[in-house]
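Me: I'm new to this one. Can you walk me through it?

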Amino acid sequence: MSNGRVKVGFIGAGTISYLHELGYHDNETGELYAIADPAPGLAESRKEQWGAQKAYTDYKALLADPAIDAVEILLPHHLHLPITLEALAAGKHVSLQKPMAISMDEGRQIAAAAAGSDKIFRVVENYRTYEPYMRAKAMIEAGEIGDLITIRVMMVRGAGKGGIDTPPAAQAWRDDLALGGPAQSMLDYGYHVTSIVTYFMGPIDKVNAMSDLDGPEGFTGIPAVISWRHTAGQYGNWNMVTAPDMMVRTKYYPLDEWIEITGSRGIIWTNRCTGDLLGKPPVEMYRDGEMRSYSDMETDWGDSFRVAAQNFTDAIVNGTQPDMDGEEAVHALAFALGAIKSASEGRDVKLAEL
Amino acid sequence: MYVDNPDATLHAIADQDSDTRAARAAEWGVGKTYADYRELLADPDIDAVEIILPHHLHLPVTSEALAAGKHVSLQKPMCLSLDEADQIIAASEASRASGQLFRVFENFRSYEPFRLARKLIDEGEIGDPLSLRMKNISGHGVGGWTHTPIARAWRSDTAQSGGNLSILDHGYHMASIAMYLMGHVESVHTLSTRNSADAFPSTPAMITFRFANNDRLGSWEIVRAPDLLVRTNYYGDDEWVEVTGTRGVVLVNRCSGDMLGVPPVTLYRDGVTRQFSDVELHWDASFRDGGREFTRAIMDGTQPDLDAVEAKAVLAFCLAAIKSESDHSEITLNEMESEGVTG
């Protein structure tokens with residue numbers, strides 16, 4: 001932090017790194033300082049493209065660089081545990097891309113290491129910094145819809161119109177169970193949903209999932225319908241479907257979500273996220289016979305990565321804990337893995353049994 | 001149902017309560033009233049009956065009405081158990097030989113926004129339907145009906161109503177509309193905190209289900225929001241249904257209430273959102289249209305929707321959801337065949 005800004009190194013320069021890099025364009029507390037990736041020439045070309053200072057082919061060399069304060073770990077899922085542990089041991093603050101890990105044991109090891117470190121650790125799940133969701137959360141906390149009762153989530157995976165072109169390499173490791181983990185719909189993509197549901201409604205007590213856990217390569221576990229009970233007595237459900245001929249207008253991935261939260265007095269909807277399928281205002285609320293539409297916010301999904309990076313570097317400067325801490329990240333992981341276990345065993349799964 | 005019905009007149013009313021009888025007869029201009037429904041069934045002028053009774057009477061009175069040679073329209077829910085449903089199926093099949101019609105009447109299937117949704121699906125507007133989401137929300141009704149103490153009393157008696165009104169009584173509408181839009185259901189799972197002291201004990205509930213013979217899945221939320229204002233001419237609740245297909249999404253945005261004040265049907269496809277408002281919105285029109293279908297079918301000698309077998313499948317869906325709630329496991333409709341009366 002020689003110039004007052006946190007020096008951040010990216011470990012991993014694959015597809016998702018483009019989105020994380022958005023967080024360092026106008027970041028007054030942090031800069032993208034170094035990039036590590038083993039692919040020949042990749043880190044170097046990213047460094048040039050993004051105006052970073054250093055490129056490494058070995059992440060260990062990046063971790064050994066004393067100029068670096070913090071790292072963003074943007075790697076295949078099976079590497080999340082070992083490299084998080086190494087990074088914390090090397091004295092770096094860590095932002096770990098979702099999903100936290102591919103097993104409860106791994107997730108708990110990460111959380112324990114984070115708790116035992118004086119460095120900041122967080123899992124970054126960018127839906128929590130997507131402005132329509134932050135707005136909905138603020139409205140809930142202001143009591144706009146009374147006491148929370150239920151939540152419903154719909155996800156449609158369609159055919160893209162615009163958006164990110166996912167390269168075969170990004171698909172290949174996801175198809176490998178040992179690298180990507182099981183049921184991408186619930187663990188990889190699904191971690192967004194388990195994170196945002198717990199963000200709105202609090203922790204989960206038990207879950208049921210109906211899915212054959214098959215589906216397209218790189219995205220198994222779809223179609224699915226999942227239901228759960230929250231520890232505080234609320235309920236939720238989540239339908240997921242692949243609609244191959246559905247046009248999804250998007251700058252990013254050709255999928256979209258809409259969420260409905262019912263309280264004792266009113267209802268809040270978020271009508272878009274990654275895509276812009278329905279063309280509706282991003283947030284709506286019904287209460288007391290009145291329907292209100294809210295469009296006074298940033299709806300570009302990429303902006304959620306900017307906010308997330310800003311939160312990370314701000315927290316390092318301020319010495320505070322950014323969202324999500326290890327415990328909360330483990331809970332979102334348990335929700336995802338509980339759903340997968342339920343689908344495979346055909347029974348309700350209490351998260352406490354994991 | 002019988003106002004301006006070209007095929008039928010409301011000829012007689014049977015009710016045990018003399019004040020009710022007289023009041024209804026005067027209000028509707030009906031010439032004949034009976035204190036005993038058996039006398040009504042014995043009246044040779046009467047071709048058909050609508051059975052609109054507490055649920056435990058559906059089986060015996062249907063059986064008697066069919067035996068008396070009347071066509072029968074039986075108000076939902078069909079009855080209280082699959083065993084009762086089988087008896088109704090047997091009775092309706094026996095009387096079909098003499099040209100008598102039987103149907104269960106579930107009016108959501110005659111509600112125009114649902115019919116439009118079904119038409120859009122049938123015409124391929126959303127491709128192959130894949131996912132169904134339904135919501136039944138009850139709140140603080142403004143502008144609608146007030147339940148009479150009598151209607152509350154028998155419903156609160158499990159022996160008469162079958163109990164669990166949220167899934168069996170109101171739920172019969174939802175199960176019916178799920179099958180109307182997406183086909184038969186194979187298995188069902190219910191997550192709720194059951195409060196058996198409540199007439200609508202499974203609230204909130206999250207019911208999920210698999211449709212038969214394909215990858216189609218559905219969810220059904222039941223929620224009560226006590227301070228939620230629901231503008232309505234009927235009950236203080238509303239229903240929304242969303243069907244997602246391979247190519248598009250169709251949404252039905254209202255039913256018995258008019259809570260959201262948005263167009264009743266929305267279709268998304270190919271980047272275009274269409275709103276349909278050129279449909280009959282009044283929920284009571286579904287009773288009118290449903291009544292006319294019954295009398296038209298009698299005139300034409302055709303079978304109206306829902307026949308006894310289909311009506312039993314709807315009932316099995318509801319009963320499986322109730323069983324799942326207490327068993328805490330997914331229940332197939334096939335295994336319901338060996339089950340007795342629900343509680």
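Me: Which residue stands opposite Val72(B) in S5(B)?
Reply: Phe102(B) in S5(B) stands opposite Val72(B). This is a predicted model, in which local features need pLDDT of at least 70, side-chain atom pairs count only at pLDDT 80 or more, and totals for chains, interfaces and linings use all residues. Residues are numbered from 1 along each chain as its sequence is written, while chains are lettered from A and ligands numbered from 1 in the order in which they are written.

Me: How many bridges join S4(B) to S5(B)?
Reply: Four bridges join strand S4 (residues 71-75) of chain B to S5(B), and the two run parallel. Strands count as paired if DSSP finds at least two bridges between them.

Me: What sheet do they belong to?
Reply: An open sheet of three strands in chain B, in the order S3-S4-S5, with parallel pairing. Strand S3 (48-51) and strand S5 (102-105) of chain B are at the edges with a single partner strand each, so one side of each has no neighbour in the sheet. From one strand to the next, the twist averages 15°. Angles run from 0 to 180 degrees between N-to-C directions, with axes as lines fitted to C-alpha atoms, for helices over the stretch in contact.

Me: What does H3(B) pack against?
Reply: The buried residues of H3(B) pack against helix H2 (37-42), S3, S4, helix H4 (82-96) and S5 of chain B.

Me: Which residues of H3(B) are buried?
Reply: In helix H3 (residues 58-67) of chain B, they are His58(B), Leu59(B), Val61(B), Thr62(B), Ala65(B) and Leu66(B). Buried takes 20 or more other C-beta atoms within 10 Å of a residue's own, exposed 12 or fewer, and partly exposed is in between; C-beta atoms are placed from the backbone. After H3(B) comes Gly69(B), with a positive phi near 85°.

Me: New topic. Is S11(B) enclosed or open?
Reply: Strand S11 (residues 248-252) of chain B is largely enclosed by the rest of the structure, because five of its five residues are buried. Gly248(B), Val250(B) and Val252(B) are on one side, Val249(B) and Leu251(B) on the other.

Me: What pairs with S11(B)?
Reply: S10(B) pairs with S11(B) in the antiparallel sense over four bridges. There, Thr244(B) has Val249(B) as its bridge partner. A hairpin through two residues joins S10(B) to S11(B). Strand S12 (residues 265-269) of chain B also pairs with S11(B), antiparallel over five bridges. Val250(B) is opposite Leu267(B) in S12(B).

Me: And where is Gly139(B) placed?
Reply: In strand S6 of chain B. Gly139(B) counts as buried because it has 25 C-beta neighbours inside 10 Å. Leaving aside neighbours within four places in sequence, its contacts include Ala225(B), Leu228(B) and Asp237(B). Contact puts the C-beta atoms of two residues, placed from the backbone, within 7 Å.

Me: How many residues does each chain bring to the contact between A and B?
Reply: Chain B brings 39 residues and chain A brings 40. Strands of chain B that each supply at least two residues include strand S6 (129-142) and strand S9 (217-231). S9(B) has the largest share, eleven residues. The chain B side has 14 nonpolar, 16 polar and nine charged residues. Nonpolar covers Ala, Val, Leu, Ile, Met, Phe, Trp, Tyr, Cys and Pro; charged covers Asp, Glu, Lys and Arg; the others, Gly among them, are polar.

Me: What domains does chain B have?
Reply: Domain 1 (12-107 + 288-307) and domain 2 (108-283 + 318-326). Such bounds come from an automatic or database domain assignment. Their centres, taken over C-alpha atoms, are 25 Å apart. Between them, 13 residues of domain 1 of chain B contact 16 residues of domain 2 of chain B. Helix H10 (residues 284-300) of chain B gives the largest share of the domain 1 side, three residues.

Me: What scores does the model get?
Reply: It scores ipTM 0.94 and pTM 0.95. Chain B averages a pLDDT of 92, and 98% of the residues score at least 70. pLDDT is the predictor's confidence in each residue, from 0 to 100.
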